[in-house]
Amino acid sequence: PSCSLDALIAQVPEVLDTGAPLRVLAIDGLTDASNVGAVLRLAAAFGVSCVLCSSQCCDPFHVRAVRRSLGCAFHVPIAVGPLPEALRRLGA
């Protein structure tokens, strides 16, 4: 489910406790809902820790995005906001 950047940052220690490396996918300016959903499906398949969507990106929970993601949109933490700030705060 979509959350604020602060909430996502708070989840990072939990993600890091699994021993797996932190994998962050940043989506910038992708406006087609079907493409966003396909990217979310791939993110889940590759074990991405979280997905960051820019403000110019299509809503990751648009009906077409969720349908194309085959429900994976509900299994990967997603935050929407300014990418440079998010990446800087995650240390990427």
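I count two residues as in contact when heavy atoms lie within 4.5 Å. With that rule I looked up Cys53 first. Leaving aside its neighbours within four places in sequence, I find Cys53 in contact with Ile27, Pro60, Ile78, Ala79, Val80, Gly81 and Leu83.

**Ground rules**

I am working on a predicted model, where local features need pLDDT of at least 70, side-chain atom pairs count only at pLDDT 80 or more, and totals for chains, interfaces and linings use all residues. Residues are numbered from 1 along each chain as its sequence is written, and side-chain values use heavy atoms, with hydrogens and water left out.

**Overall layout**

I listed the secondary structure next. Helices (H or I, at least four residues) and strands (E, at least two) are DSSP runs, numbered from the N terminus. The chain has 4 helices and 4 strands. Their order from the N terminus is β-α-β-α-β-α-β-α.

I then checked burial. Buried means under 20% relative accessible area, exposed over 50%, and partly exposed in between, with a 1.4 Å probe and protein chains only. Of the 92 residues, 38% count as buried. The accessible surface comes to about 5100 Å², and 57% of that belongs to carbon and sulfur atoms. I note that these areas come from the Shrake-Rupley method with a 1.4 Å probe; for residues, only the protein chains shown count as cover.

**The cores**

I searched for nonpolar cores: sets of buried Ala, Val, Leu, Ile, Met, Phe, Trp, Tyr and Cys residues joined through side-chain atoms within 4.5 Å. Which members of the largest one touch the most other members? They are Ile27, Val36, Leu40, Val51, Cys53, Cys57 and Ile78, out of 15 residues in that core. Helix H2 (33–45), strand E3 (50–53) and helix H3 (63–69) each supply at least two residues of this core. H2 gives the largest share, 4 residues. I also found a second, separate core of 6 residues, including Leu52, Ala79, Ala86 and Leu90.

**Ile27**

I went to Ile27 in strand E2 (residues 24–27). Ile27 counts as buried, because its relative accessibility is 6%. Its contacts, neighbours within four places aside, are Val39, Val51, Leu52, Cys53, Ser54, Cys57 and Leu83. Leu52 is 25 residues away along the chain, yet the two C-alpha atoms are separated by 6.1 Å.

I checked the length of H2. At 1.5 Å times one less than the number of residues, its 13 residues should span 18 Å; the end C-alpha atoms are 19 Å apart, which agrees. Buried in H2 are Ala33, Ser34, Val36, Gly37, Ala38, Leu40 and Ala43. The cover over these buried residues includes E2, E3, H3 and strand E4 (78–80).

Ser34 sits in H2. I count Ser34 as buried because its relative accessible area is 16%. Not counting residues up to four places away in sequence, Ser34 touches Arg64 and Arg68.

I followed Arg68 into helix H3. Is Arg68 buried, partly exposed or exposed? At 40% relative accessibility, Arg68 is partly exposed. Beyond its neighbours within four places, Arg68 is in contact with Ser34, Gly37, Ala38 and Arg41. Arg68 and Ala38 are 30 residues apart in sequence, with 5.7 Å between their C-alpha atoms.

**Helix H4**

In H4 (residues 83–90), I find Leu83, Ala86 and Leu90 buried. Seen down the helix axis, the buried residues fall within an arc of 65°, so they line one face of H4. That arc is taken over the directions from the helix axis to the C-beta atoms. Pro84 and Arg88, on the other side of H4, are exposed. Just after H4, Gly91 takes a positive phi of about 80°.

**Cysteines**

I searched the whole structure for disulfides, meaning pairs of cysteine sulfur atoms within 2.5 Å. How many turned up? The search finds 0. For Cys58, the nearest cysteine sulfur is that of Cys57, 6.5 Å away. Cys58 counts as buried, because its relative accessibility is 12%. Cys50 is buried too, with a relative accessible area of 2%.
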